[in-house]
Amino acid sequence: MARFLPLFSVAIEHDFFTGTPGANWRFTPTPQCAELEKQFRLVLRPVDKGMEMWRESDDPTSSAGTAADTRADDTRDAVLARDAGSHVLCFSYEVSCDDPQFSFYTDWPVTPPLCFSNEGLAQQEPLVNLQASAIPPSSRPETVRRNESFQFKATQFSINIFLSEAEVLHQAVQQGRVSRCYAIHLKSKTIRWKYFFTGSLARKKMLIVDLDANEGQTGIVFETSTQTATDSGFALISQTAIPMQYRPVQQFQLREVGMAGKVLIKRLPNASVNKIGKERGPDGQNLLVAEIYIHQ
């Protein structure tokens, strides 16, 4: 009976999904990587926010063989690990996501296409933060080009994990060894929020108050925008960009100017990546805005 020992894992954290299960990831090996998996009897196991790589090893508790067979198998793995030397193996995967809007709310560390790799990083710690680097389109692996026609499963980035052959084989004779985790941290794109008001509400003088602001501070400030949805409409846009989230935590309140700060809307709806628009900024450049429309 076979047993499996952990070799390494990959954990993907995205600020957009804070407090939620996150995206569904798919890890597709390149043809060369698939051959390595077969050669070294590796099995990829998808998990929440990433994947785990396990190596098949002979189970010493199995009754299928004699004690001598078991000792021979263990000795074989140990000899292979000893004789493997420092030959480096590259486990390369294309990572895709089931959300076609992924790129709209992700602030990439470098311009895509990009690859996260452990090449050149210290490997002593059990947790290693992978480093991102841009790759030329001509160097993109075959799996990317094959999947580009499927938007729903489009590749977002690639991963290269470099391990020595000895380290891969050593896993079979080091049962108590803690497998290494390779971490990827993605940041959310920051976008200015813009509220469009129409109807009778647009005729009032209004301001937006950030209820999360610390005492004595204003928090996120909104200013009047001249670019409205209609000629009779009114619009307020945030002075600063706000990180997008799957479940926004911001608490904004709409109040009337004067009138002792009369509350018009106790909690304003938050922005969503489903409604992103463009407008011309003060410097003449195109500006991305998260649009929220309110008619009352």
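Biologist: How many disulfides does the chain have by your rule?

Modeller: The count comes to zero disulfides, where a disulfide is a pair of cysteine sulfur atoms within 2.5 Å. A word on the source: this is a predicted model, in which local features need pLDDT of at least 70 and side-chain atom pairs count only at pLDDT 80 or more, while totals for chains, interfaces and linings use all residues. Residues are numbered from 1 along each chain as its sequence is written, and side-chain values use heavy atoms, with hydrogens and water left out.

Biologist: What makes C115 count as buried or exposed?

Modeller: Buried means under 20% relative accessible area, exposed means over 50%, and partly exposed is in between, with a 1.4 Å probe and protein chains only. C115 has 4% relative accessibility, so it counts as buried. Across the chain, 40% of the 296 residues are buried.

Biologist: S117 next, please. Where is S117 found, and is it buried or exposed?

Modeller: S117 is found in strand 7, residues 114-117. Strands (E, at least two residues) and helices (H or I, at least four) are DSSP runs, numbered from the N terminus. The chain has 20 strands and four helices. At 9% relative accessibility, S117 counts as buried.

Biologist: What makes strand 7 and strand 10 a pair?

Modeller: Two strands pair if DSSP finds at least two bridges between them. Strand 7 and strand 10 are joined by three bridges and run parallel, so they meet that rule. The bridge partner of S117 in strand 10 is N160. The side chain of S117 also has a polar atom 3.4 Å from the backbone oxygen of N160; a polar contact is a pair of N or O atoms within 3.5 Å, and within protein one must be able to donate a hydrogen and the other to accept it, with residues adjacent in sequence counting only if both atoms are side-chain atoms.

Biologist: Which other strand pairs with strand 10, and how do you know that strand 10 is mostly covered?

Modeller: Strand 5 (residues 88-97) pairs with strand 10 in the antiparallel sense over nine bridges, and F91 stands opposite I161 in strand 10. As for cover, eight of the 10 residues in strand 10 (residues 155-164) are buried.

Biologist: Why is S188 called buried, and what does it touch?

Modeller: S188 has a relative accessible area of 6%, so it is buried. Contact means heavy atoms within 4.5 Å. Leaving aside neighbours within four places in sequence, S188 is in contact with residues including H14, F16, Y105 and M244. The side chain of S188 has a polar atom 2.8 Å from the backbone nitrogen of F16, and it reaches the backbone oxygen of M244 at 3.0 Å. S188 and Y105 are 83 residues apart in sequence, yet 5.6 Å apart in space, C-alpha to C-alpha.

Biologist: Last one: why do strand 13 and strand 18 stand at the edges of their sheet?

Modeller: The open sheet has three strands in the order 13-17-18, with antiparallel pairing. Strand 13 (206-210) and strand 18 (263-265) each have a single partner strand, so one side of each is left without a neighbour in the sheet. Strand 13 pairs with strand 17 (residues 252-256) over five bridges, and I208 has L254 in strand 17 as its bridge partner.
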